[in-house]
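Let's take a walk through this structure together, from the overall layout down to single residues. Have the view open and turn it as you read.

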Amino acid sequence: MQPESEKNQGAIPILSWNGLDYDVKAGKSVRRILHNICGNVYPGELVAIMGSSGAGKTTLLNVLSGRVQGGRLYGEIKFNGAKRNPHTFKRMLSYVEQDDLMFPQLTVEETLTNSARLRLSDTKYTDDQKRERVETVMRQLRLTHVRHSGIGGFGGRGISGGERKRVSIGVELVTDPAILVLDEPSSGLDSSSAEMVVALTKEMTRQRNLCTLMTIHQPSAEMVAHFDKLILLSQGKLIYMGPMKQAVPYFESIGFPSTHSNPANFFIDLTTIDFSSDEAMQRSEQHVQNLADSFVKFRESGGQLPAPAASVEKENSSIETANSSSAASSYSRSDVNNDMTQELAGLVMHEPLPMNSWFSEFRVLLKRDWTLVMRNRYTLYGLAAMSLSTIIFLGFVFFQMGHTQESVQNRIGALFMFSLLCSYPLIFPVMTMIMVGRGVLLRERSAGTYRMTSYFFAKALSFFPLGLIPYTITFIGVYFISHLQYDAGKFFIGLANTYVLIFTVIGFAFGVAMIANQMEVAFIITPVTLSTLVLFAGNLSNSRSITPVLRWIRYVCMFYYTYSAFIQNELGGLKFTCDDSSTACYRTGEEVIKAYGLDAQAIWLCIVLNIVLGIGNYIIAYSLTRWRIKPRYLWI
Ligand SMILES: Nc1ncnc2c1ncn2[C@@H]1O[C@H](COP(=O)(O)OP(=O)(O)OP(=O)(O)O)[C@@H](O)[C@H]1O
């Protein structure tokens, strides 16, 4: 059997690593998760990272992908024989996470098209070429029959788990990665879907001369047959790294003949720690240490195995006994392909694609976000119902207000309620939509898919119609049914005031969505903060009589500015009748405005200050987004 070192002679590994140690804090002490791990992988190879639960597979995968967070990392990792550049490397590597992070409302085709539009350079690919790439990926991943189906999830029915996993892979493969990384792609899938995912990944690896690394828990013999290389870990130690077909002969050569028909079961049994008692644990830890030491010796001796032909034969026969003649044939097929791949290895040097322009990213993101908003049917129905019920209840409770003393109270109540109704029903759906999409945002940011500013502007802008359309209808309805002052100037000032509040409210929702870790927390913070602000709006408390220590809050209170502008706009210039029985009587609107302490700023100033407050909300929200969604990965 040809040792690995000879087989790859002359080729540059696409990724190589040496002396990797990774430590994390465990209470007051430090725990080593990876111990002196070395290895390399070549283009065209499908590599399995195996080991029992807690062996360190995901940690190694994350370390190699430049996606490990926290702790301390030592050693050296090279990409194409040179030190990695974090900015280009993350765009050369595609990472398929264990959870399929995609928007459930989009279809398969839309999901892949968005990925292609965002990640393929406009300077190298025309729109038609991007569409062609999506078609090819859908064909290769057997997804054409579900192209118009929704991804689903979050309680909504969509495509199957296996199809969803293939879409996740497709999202990465519409680009030109040099390395494809998959974390447990078979988890949650039945055996035939899992095998299909591995087989298709192998096909893509070969066709594109990619290097694919995947963690896999306990693959079937059929799946094992697809892998070119095995990295076997136990307790963070390297037990074996080399061609899959040499693994069983290697263990045989060090005194551990396989007793299983499926090599994967053999590898796991051999390296699993027995936690049944302290003694058993110590024994198995020692066993793992011996295996790790044996592999170090094996590598140091040049990685030669005694009887290659016999070993291969034996291995093929062990796979055949796993009731899988097809597996055996793919094993030998993989040998042939592997030889071809080794010839190609080192010849292909993938280059990172240049990023698209800000406007190109913004356009794609805005279209995607707008589609997401429009597909949130229940939010749209909810806002339509809110609009209708506000028109009916507000309009008819304060029906055709005249100029009596009662109409003073009614005007104050109607405008106060309208201000509140412009915020609460809008904030919650906006906040939820942002928070639900945070997983996708993190995935796309980790891959350097777009700039944060293009994401932020597109996302915020996509919510404006959600507020502007229903509240314009509501304002018009209430205006005419309640008979606010019929004056074109006052009508448009009222509408503008409504729009400014919506603008500020969306910024507020964005900020809370980024402050809160969990949806539950956001749903506590929001009503508490809003209700506190409402106290300073100038209706429930008189602006002039608030404790001086807290009085400043009204200057950062969006309701105060909105309400003050509404009241001044509506009551300014109005005259009221006083009947003889009235003890207190407002004769003009100006008297009411003064009595409520809402004359401190002119209408135009209230609107301007509310815009400034809104801009402040967006600046805070943007900074929080940058800070919260900034992947903090360790880098060597
Ligand atoms: N940041 C961390 N802090 C503390 N412990 C960690 C950290 N990262 C990993 N570990 C520990 O390191 C060990 C390896 O974890 P890892 O997730 O890599 O295992 P795995 O082989 O992928 O396991 P599984 O198959 O169960 O997902 C586990 O015991 C895990 O608890």
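What share of the 636 residues in the protein is buried? Buried residues make up 44% of them. Please keep in mind that this is a predicted model. The protein has 25 helices and ten strands.

Next, step back to see the domains. The domain assignment gives domain 1, covering 4–344, and domain 2, covering 358–628. Taken over C-alpha atoms, the centres of domain 1 and domain 2 are separated by 51 Å. The two do touch: 16 residues of domain 1 are in contact with 16 residues of domain 2. On the domain 1 side, at least two residues each come from helix H3 (86–92), strand S6 (93–96) and helix H4 (108–119). Helix H4 gives the most to that side, with four residues. Sorted by class, the side of domain 1 that touches domain 2 has six nonpolar, three polar and seven charged residues.

Now for the interior. In soluble globular proteins, nonpolar side chains tend to be buried together. Here, the largest nonpolar core has 90 residues, and Ile-49 and Ile-179 have the most contacts inside it. Helix H7 supplies the largest share of this core, six residues. What does Ile-179 contact, leaving aside its neighbours within four places in sequence? Its partners are Ile-14, Leu-15, Met-92, Leu-93, Leu-210 and Cys-211. There is also a second, separate core of 62 residues, which includes Phe-398, Ala-414, Tyr-561 and Ala-621.

Strand S9 (residues 229–234) and strand S10 pair in the antiparallel sense over six bridges. You can pick out one of these pairings by finding Ile-231, whose bridge partner in S10 is Met-241. The hairpin of S9 and S10 has two residues between the strands, and Gln-235 in this hairpin takes a positive phi near 50 degrees. Why can S10 be called largely enclosed by the rest of the structure? Seven of the seven residues of S10 (residues 237–243) are buried, so the strand is largely enclosed.

Most residues other than glycine have a negative phi, and most peptide bonds are trans. Asn-209 is not a glycine, yet its phi is positive, near 55 degrees. You will find Asn-209 in the loop between helix H7 (191–208) and strand S8 (211–215). Asn-209 counts as partly exposed because 19 other C-beta atoms lie within 10 Å, whereas a buried residue needs 20 or more. His-483 is another residue that is not a glycine but has a positive phi, of about 60 degrees. His-483 sits in the loop between helix H19 (452–482) and helix H20 (488–515). With 15 C-beta neighbours inside 10 Å, His-483 is partly exposed too.

Finally, turn to the ligand. How many residues surround the ligand? There are 14, and the closest are Val-24, Ser-53, Lys-57, Thr-58 and Thr-59. Helix H2 (residues 57–65) contributes the largest share of this shell, three residues. By class, the shell around the ligand has three nonpolar, ten polar and one charged residues.

Methods. Residues are numbered from 1 along each chain as its sequence is written. This is a predicted model: local features need pLDDT of at least 70, side-chain atom pairs count only at pLDDT 80 or more; totals for chains, interfaces and linings use all residues. A residue is near a molecule or strand if its C-beta atom, placed from the backbone, lies within 6 Å of it. Ala, Val, Leu, Ile, Met, Phe, Trp, Tyr, Cys and Pro count as nonpolar, Asp, Glu, Lys and Arg as charged, and the others, Gly among them, as polar. A residue is buried if 20 or more other C-beta atoms lie within 10 Å of its own, exposed if 12 or fewer, and partly exposed in between; C-beta atoms are placed from the backbone. Two strands pair if DSSP finds at least two bridges between them. Domain bounds come from an automatic or database domain assignment. Two residues are in contact if their C-beta atoms, placed from the backbone, lie within 7 Å. A nonpolar core is a set of buried Ala, Val, Leu, Ile, Met, Phe, Trp, Tyr and Cys residues joined through C-beta atoms within 7 Å.
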